[in-house]
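Work through these exercises with the structure open beside you. Try each task before you read its solution.

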Amino acid sequence: MASVARVMLDSPLPQLDRLFDYAIPPALASEVVPGVRVTAALRSERRIADGLVVDVGDTSDFDGALAPLESVVSPARVLAPEVWALARRVADRQAGSASDVLRLAIPPRSVAAEKKWLAREAPAVVPVGAVPAVEGYASSAVESAVDGRARVALRSIPGIVELPDGSSVGRWALTLAQAAARTVASGASAILAVPDYRDQEQLEAALRSVVPGELIASLDARRTRPQRYAAFLSCLDDVPRVIVGNRSVVYAPAAKLGLIALFDDGDPLFAEPLAPYAHARDVALIRQEQQSCAVMFAGHTRSVEVQRLIELHFLTELAPVPLVTPKVVPTVAQDPQSRGDAGRVPSAAFRVATEALQAGSVLVQVARPGYVSLLACRRCGQAARCTHCAGPLQLASSHALPSCAWCGRLAGGWACSECANNTYRMVTRGSGRTAEELGRAFPGTRVIVSDGERPVTLVDGEPRTLVVATRGAEPVAVGGYAAVILLDGERMLQRESLHVGDDCLRWWSNATALAAPGATTVLVGVGGPLAQALGLWQQHSYAAAQLIDRRALGFPPAVRVASVTGKPAAVQQALDALLEVPIRDVLGPAPVTADGPRTADGGLVRAVVRFDYAHGSEVATALRGAVLRGATGTRRPPAGQKRQRPAPTLRVKLDDPEIL
DNA sequence: AGCACGCCGACT
DNA sequence: GTCGGCGTGCTC
């Protein structure tokens, strides 16, 4: 019987981010096994911490007397050895704490769900029927990639498929489901990660058509806590499964992992907002290295990150055979004469839509509403101004009163300064407004609106139906749309970001992929390389060109970056720790202004460090050391001052996609 | 983060 | 002589 347990304590403190040895009391000897939750005293008998047993043994490197474990919380071995190895590596790479990663990897415990799971009968091995060949690619190309545990960038086939149960999903979902079915049929598990629940629903429907439902585990955050935990526990069974979920599913325990696949890895939802901020793509790559499974990045576009890995020959490109290229018509002409009756819709797009409405549904993609909905006098068109400071008036939401963008005062009893009229109209419009206008422009059509607040997942695809959707909220149409109109491209491109181009191309490509075979997509008001990439369905060419630009500028993913935020002294201390590390350069430190609610007290600064992939671990180690010193060497303010917040600890973020 | 240990000022 | 103030440092 082992007498020493090595325990990872559940604490975000960087000082505690290492294993602690505890003596195993004889009474607990049979229960203390790797992976179980335990409690243990920390520094005093009165302070009990939660922890996870990583390992057991008979010796300890610790010089002092070992404290005994307090209790075993449950016999469920929730921390699988490979998940521990993954968490440690991810934390080290991100200069963060393993327990922070484990909090993402192991969902909150539900006692009821756990009891039920512990009392279950041994899970039966469900045979997977014959898996049909993955169609649309070179003969058994996808199968070989899965079987050979390859690393591939898969170009998804645009279009919609109808499943045997009558539902319609994106064709990408069926491809991934078949790859997963192949994996399970060979006796291994597959992890499939998607950006959001709408993608997940499609993928689950596709999966149900190719593997028995008992083998599918869905780890989505939309379910209740017990449901989530039950699904997590089912992954611990020694039975190959298909595990589906959002970004954190890449940490799921999986019996004999054979495949990790991400769909649309360029979606910002794959970037983890919680410390240590590891991107699901990076986690998948680490895990594939540790467990020698296949890894697959599928999508209708190519992220610059994946393009880089292809050019390094780390990933192999897998394209459909024959290539499937949707028909895309860019319309750059913006002269007012060419506009049709719908005002915003140029006549070319108007014609396409009118004709297509006879055959089926038409998708109109619009920008997200509510950036700023400025107001103008309904009668004379004069911009509505605040009576107090003359600032522009705006609507925060459709039911809000107009308010001033400058001073924030509500403008309840507004009247036009020019003509004294007291009714206004919106100058920029959201999806609802667009829908109203389009409904008038296309008489006799049914208008369906889908946006972030009220998303629609599926429409029937019947003729004379106009579906107005904000980018990212486009419903799937049975049989595919008869036409797709990408309306607000110009406006989408106005966002100030390093990735506007990539993002827009992704939004447009994903909408285009919802079209029926042979249907036309019209890209309104955009020309240049983006329109060309979409028109030729060569998103990879755009990504390759972007990568060249990023290399020239020294931007990610050509280089890696780390941001260091904190009090000036703490940031300087961190930069000093990097003096011996071969980094490229340091940008800043510069004062942080619009970073969160605390602006007044902080005086925070941020520096950005750029470095090469080859020196990632050295940079992470040095920054981790600085974080540790910042946490332990907390000098309290000199006596006399009231208890001030402890000095803002150093915040280190590696590969933040929003940086620069 | 907690919590204990430690080294200086006013108390029965 | 010791009770307790808070500054410092560690946590198996």
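The exercises below treat a predicted model, starting with its domains and moving on to helix packing and backbone geometry.

**Exercise 1. Domains**

Task: Into which domains is chain A divided, and what distance separates the centres of domain 1 and domain 2?

Solution: 
- Step 1. Domain 1 covers 1-75, domain 2 covers 141-318 and domain 3 covers 327-370 + 430-536. Domain 4 runs over 377-423, and domain 5 over 560-654.
- Step 2. Take the centres over C-alpha atoms. Those of domain 1 and domain 2 are 34 Å apart.

**Exercise 2. An annotated span**

Task: Which residues does UniProt list for "domain: Primosomal protein N' 3' DNA-binding", and how far apart are the ends of that span?

Solution: 
- Step 1. Read the record. The unreviewed UniProt entry gives residues 6-107 under that name.
- Step 2. Go to the model. The end C-alpha atoms of residues 6-107 lie 22 Å apart.

**Exercise 3. Helices α1 and α2**

Task: Describe how α1 and α2 cross, and state which residues make the contact.

Solution: 
- Step 1. Locate the helices. α1 spans residues 81-93, and α2 spans residues 98-105.
- Step 2. Take the geometry. Their axes come within 8 Å and cross at roughly 130 degrees. α1 is therefore oblique to α2.
- Step 3. The crossing is right-handed.
- Step 4. List the contact. α1 supplies V83, W84, A87, R88, V90 and A91. α2 supplies A98, V101, L102 and A105.
- Step 5. Sort by class. Nine of these residues are nonpolar, none is polar and one is charged.

**Exercise 4. Two partners of α15**

Task: At what angles does α15 meet α9 and α13, and which residues are involved?

Solution: 
- Step 1. Start with α9 (residues 304-311) and α15 (residues 539-553). The axes come within 9 Å and cross at roughly 85 degrees. So α9 is roughly perpendicular to α15.
- Step 2. Name the contact. V304, Q307, R308 and E311 of α9 meet H540, A543, A544, Q546, L547, R550 and R551 of α15.
- Step 3. Sort by class. This contact has four nonpolar, three polar and four charged residues.
- Step 4. Turn to α13 (residues 500-512). Its angle with α15 is about 170 degrees, with the axes 11 Å apart. The cut-off for roughly antiparallel is over 145 degrees, so α13 is roughly antiparallel to α15.
- Step 5. Name the contact. G501, D502, L505 and S509 of α13 meet Q539, Y542, Q546 and R550 of α15.
- Step 6. Sort by class. Here there are two nonpolar, four polar and two charged residues.

**Exercise 5. Backbone exceptions**

Solution: 
- Step 1. Recall the background. Most peptide bonds are trans, and most residues other than glycine have a negative phi.
- Step 2. Check A275 and P276. A cis bond joins them, with omega about 0 degrees. P276 sits in the loop between β12 (257-263) and α8 (280-291).
- Step 3. Check P556 and P557. Their bond is also cis, with omega about 5 degrees. P557 sits in the loop between α15 and β27 (560-566).
- Step 4. Check K256. Its phi is positive, near 45 degrees. K256 lies in the loop between β11 (242-245) and β12.

Terms used. Residues numbered from 1 in each chain as written. Chains lettered and ligands numbered in written order. Predicted model: local features only at pLDDT ≥ 70, side-chain atom pairs only at ≥ 80, totals over all residues. Heavy atoms only, no water. Axes fitted to C-alpha atoms, helices over the stretch in contact; angles between N-to-C directions. Helix = DSSP H or I, 4+ residues; strand = E, 2+ residues; numbered from the N terminus. Parallel < 35°, antiparallel > 145°, perpendicular 65-115°, else oblique. Left-handed = near helix turned anticlockwise from the far one by under 90°. Contact = heavy atoms within 4.5 Å. Nonpolar A, V, L, I, M, F, W, Y, C, P; charged D, E, K, R; others polar. Domains from an automatic or database assignment. UniProt positions renumbered as here; feature names shortened; annotations may be inferred.
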